[in-house]
Amino acid sequence: MIQINRVAVLGAGVMGATIAAHLANAGLDVLMLDIVPKEVSEAERKQGLTIDSPAVRNRIAAAGLQGLRTMKPAPFYLKAYASRIETGNFEDHLDKLTTCEWVIEVVVENLAIKLGLFEKILPFLHPQAVLSSNTSGLSVNEMAAGLPLDVRKRFLVTHFFNPPRYMRLMEIIPCRDCDPQVVASMADFLDRRLGKGVVYAKDTANFIANRIGVYAIYKGIAHMIDMGMTVEEVDAVAGPATARPKSAAFRTADLVGIDVLAHVGRNSYESAPDDEEREVFRLPDFMAEMIKDGKLGNKTGQGFYKKETIDGRRQIFYYDYTDSTYKPLAKPQFASVQMVKQVDDPRRRIQMVLAGGDKGAVYAWRTLRDTLIYTVNRIPEIADDVVNIDNAMKWGFNWELGPFEMLDAIGVKAFAERAEKDGVAVPGCLQKIESFYRFDEKDGRQYWDLAASSYAGVHTPDGRIDLEILKRGNKVAEKNANCSVIDLGDGVFGFEFHSKMNAISGDILAMTHKAIKRAENEGVGLVIANRGANFSVGANLMLLAVALAEGAYEDIDLVVRAFQKATMAIKYAKVPVVAAPFNMALGGGCEFCLHADRINAHAETYMGLVEIGVGLLPAGGGTKEMCIRAVDLAVHYETDVQPFIFKHFRQIAMAQVSMGAAELYEMGYLRHGDTLTMNYDRLIFDAKQQVLALAANYRPLKLRTDIAAPGRGISASIKSQLWNMKMGKQITAYEEEMGGIIADTICGGDVNKGTIITEEYLLRLERENFLKLCTKKNTAARIQHMLKTGKPLRN
C-alpha cells in the first residue's frame with residue numbers, strides 16, 4: 001500500500017491549481033510549481049524587483065494559488081486550506097520533489113513539452129514516488145517511452161475532470177509497464193482520500209467519458225441541423241427528460257468551453273482513424289465561426305447562450321446557428337418532455353419520452369440510438385466492460401444512467417428491433433441478450449461480459465454498503481411507501497427515506513420510532529441514511545399547504561408535535577444513532593441530523609435551517625437545539641452566551657446553508673466527534689463504523705432540564721437590530737416580525753437571563769411560535785411560491 005502525504009503538482013494553470021486545492025481539501029501537503037516568467041512585469045519593476053527576485057520567479061505559481069481564493073465555484077472546502085499549498089518554480093525548487101510521494105503533471109497538452117518536463121524532473125524523483133499525468137487525451141505509452149523502466153513501473157495517467165472538487169470521475173490509464181500493485185494502490189487512495197469514482201480506461205483517444213460524451217454532443221448537433229431544431233429545443237430534450245443533467249448538451253458545452261469541446265473532437269478525429277463514426281467529430285462550420293468570434297461559452301460571456309440585462313431584467317438568449325444571431329428563449333413545450341417532468345425514475349422517463357410521437361421524442365430516439373450503438377461498439381477498444389463505461393458517463397458527464405443502463409431501461413431487444421427498422425447497423429450482441437445487468441440472489445449484481453458472453457459479478461470495492469442489494473437480499477425489516485428499516489449487519493440497522501425528494505412525511509415520523517425500537521431491541525445502533533438525490537429537502541410542504549388552506553391549525557399542531565417526538569426519540573435512543581447526510585439536508589432533514597449522536601457527513605453536504613424561506617421557524621427541535629448549543633458553548637468557554645445566540649439566530653433568520661460539510665463545524669451543526677467522508681459511496685459504511693465504535697461504550701443521554709435561558713434581554717437586542725434594518729429599508733416589516741418571533745424562541749421566551757428552563761419548554765415555544773407564523777397571510781403565499789418554483793419568495 002502506497003502512503004501519500006505530500007504531493008507535487010507540476011503546473012499552476014486552472015486545472016493544476018484546482019487539483020492542488022482538492023488535494024489540500026483531503027488534508028495533503030502540496031507543492032505547486034510552474035515555469036519562471038520570461039520577464040519582469042511593470043508592477044514588479046516599480047517595486048524594484050528583478051528577474052532573480054523570488055517573488056518574480058514564483059509569480060506564476062503564486063498567481064495560481066491566489067486565483068483559487070476567489071474562484072467560483074469555490075475549489076477549497078475552507079479558504080484556510082490554501083495554507084497547505086506551497087508554491088515555487090521549475091528552476092529553483094525541483095529538489096523539493098524528493099519529499100513527495102506522488103508527482104502529478106498538469107502542463108499544456110503538448111507531448112514534447114510534457115516529455116521535456118519529465119526529463120527535467122527525473123533526477124529529483126523519490127525512488128518510490130508515483131509519477132502521473134493529467135492529460136485528457138495524449139497517449140500514456142507515448143509519454144512513457146522516454147522514461148526509465150523503474151519509473152515506468154510507477155507511471156500512469158490520472159485524469160481529473162474539471163472542477164476536481166465537484167466532479168467525481170477519475171480515469172486511470174496505466175502504461176504497459178506500470179506495476180499492477182501501483183495501479184491498485186493509487187485507485188484505493190483516489191477513492192478513499194480524494195473521494196473519486198475510479199474507472200479503468202484504455203490508452204485510446206480521449207479515454208472513455210470524453211470519447212462518448214463529445215460524440216453524443218456532436219451527433220446531436222448533426223441531428224439538430226437535419227431536423228431543423230434550435231439549440232434551445234435540443235436542450236429541452238437532452239437533459240433530465242432523457243436521464244442527463246440539467247445542463248443538457250449546449251449548456252454543458254458552454255460550461256466546458258466550446259474551444260475545449262472542439263479540441264477534444266479534433267483529437268478523436270485525428271487519433272482514431274479506424275473509428276467507424278470518425279466523420280462525426282469534424283467541427284461544424286458554425287462552431288468554427290463561433291470560436292473565431294470569441295463565442296466560447298461561459299468564460300467569454302457568450303456561447304450557445306448569453307445573458308443580458310434589458311430594462312433592469314436579466315434575459316437569456318440562445319444562439320441561432322442558421323443566421324449567427326442570438327434569439328430570446330422561446331421555451332419549447334414538447335408534450336413528450338412535459339409529461340415526464342414529475343417522474344422521478346430516470347428509466348421510466350426515457351421509456352415515456354421514446355414512446356412519444358412529437359419532434360422532441362423523435363430527436364430523443366435518434367440521438368440515443370446512435371450514441372448507444374456507438375458506445376456498444378467501443379468495447380473493448382476504450383474499456384473492457386460496460387461497468388467502467390457506465391460509471392464514466394455518470395461521474396464525468398452527470399448522466400443519471402450510463403449507456404448500458406439506458407439500454408436496459410429501453411429494453412435491449414426492443415431497442416435493436418427499432419434501430420433495425422430505421423435501417424441502422426445494430427451490433428450483433430444486442431440481439432442475443434436480455435439485459436446488460438441483472439441481480440443474482442447468490443452473487444448479487446452482475447453485468448454482461450461482452451468478451452466472455454456470460455454474466456460476471458460487478459466488483460464492489462471495500463468500504464461499501466449498497467442499500468439496493470440489501471433490499472433485494474431480503475434485509476428489509478420493515479417498510480412503508482416512504483421509508484424502510486434495513487438490516488445493515490453486525491447489529492446495525494439503517495433507516496432509509498425514499499419519498500419524493502426524501503421529504504419527511506407523517507409515515508416517516510411514525511417509522512422513526514419503530515426503527516429506533518428495533519435497533520434497541522434487536523441490535524446495537526441505527527444509521528439514518530439513503531441513496532436519493534439529496535438526503536432530505538425537509539418537511540412535506542404540500543401537506544402543510546393543504547392544512548393552511550383549510551385552516552386546520554390543530555392538525556398542524558399535531559404534526560409539529562409528531563416531528564418533535566421523532567427527533568427527540570433520535571436524541572434519547574438507548575442505542576447510538578448516526579446520521580449520514582449528503583447533498584441537500586435542509587429544514588427538517590437538518591433537524592434529524594442535529595439530534596443524532598454523531599453526524600458522518602459527505603464532504604459535499606449543503607445543510608441549513610431554511611424554514612424562514614417559507615415564513616416559518618425550525619420547529620422540529622432545530623431552534624431548540626441551536627439555543628442549547630449556544631448555551632453549552634458559553635459554559636464551555638466560560639463566556640457570555642450572546643455572541644453564540646447572535647450567530648445561531650443569523651443562520652436561522654438568513655436561512656444560511658453550508659457550501660460544504662467542512663463549514664458546518666463553524667456553523668455549530670457539526671461538533672467534535674462528527675466526521676466527514678470524501679467518497680459518497682463509502683458514506684453509509686463509514687456511518688455504520690461510527691455506530692459500532694459508539695456502541696462499545698454507549699451512554700444514553702438524559703433529557704435536559706438545566707438550560708440557562710439566554711433571556712429576553714438578548715432577544716431585545718436582536719429586535720433592536722431588526723428595527724434598525726427595517727428603518728434602513730434592508731428588511732420589510734414582515735421580515736422584522738418573523739425575525740422577532742425567532743429571536744424570542746431561540747432566547748427562551750419572556751424570561752430573565754439565566755432562568756433555568758427545559759428542553760420540553762423550548763419545544764413548546766417552537767410549536768407556539770410556529771403556529772403563530774402559520775396564521776400570517778404571507779406564510780401561505782410563501783409556501784405556495786416555494787411549491788411552484790422551488791425557490792423562496794423574495795420581498
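Trainee: How do the residues lining the largest cavity divide into nonpolar, polar and charged?
Mentor: First, this is a predicted model: local features need pLDDT of at least 70, side-chain atom pairs count only at pLDDT 80 or more, and totals for chains, interfaces and linings use all residues. Residues are numbered from 1 along each chain as its sequence is written, and side-chain values use heavy atoms, leaving out hydrogens and water. Counting Ala, Val, Leu, Ile, Met, Phe, Trp, Tyr, Cys and Pro as nonpolar, Asp, Glu, Lys and Arg as charged, and the others, Gly among them, as polar, the lining splits into nine nonpolar, four polar and one charged.

Trainee: Which helix gives the most to that lining?
Mentor: Ala216, Ile217, Arg244, Ala248 and Ala249 lie nearest the centre, out of 14 lining residues. Helix 9 (209-227) and helix 16 (359-376) each supply at least two of the lining residues (helices, H or I, have at least four residues, strands, E, at least two, as DSSP runs numbered from the N terminus). With four residues, the top giver is helix 9.

Trainee: And how much space lies in the largest cavity?
Mentor: There's one cavity of 30 Å³ or more here. Its volume is the space filled by probe spheres set on the grid points, which are joined across faces, edges and corners. That comes to about 140 Å³.

Trainee: Which helix gives the most to the lining of the second largest pocket?
Mentor: A pocket is an open set with protein on both sides within 12 Å along at least five of seven lines. This one holds about 790 Å³ of space and has 29 lining residues, with Arg598, Arg629, Asp632, Arg671 and His672 nearest its centre. By class, the lining has 11 nonpolar, five polar and 13 charged residues. Six of the lining residues come from helix 25.

Trainee: Which strands stand at the edges of the three-stranded sheet?
Mentor: This open sheet has the order 12-13-14, with antiparallel pairing (two strands pair if DSSP finds at least two bridges between them). Two of its strands have a single partner each, so one side of each is left without a neighbour in the sheet; they are strand 12 (437-440) and strand 14 (454-457).

Notes. On a 1 Å grid over the protein atoms alone, a cavity is a set of points where a 1.4 Å probe fits but cannot get out, and a pocket is an open set with protein on both sides within 12 Å along at least five of seven lines; lining residues have an atom within 4 Å of a point.
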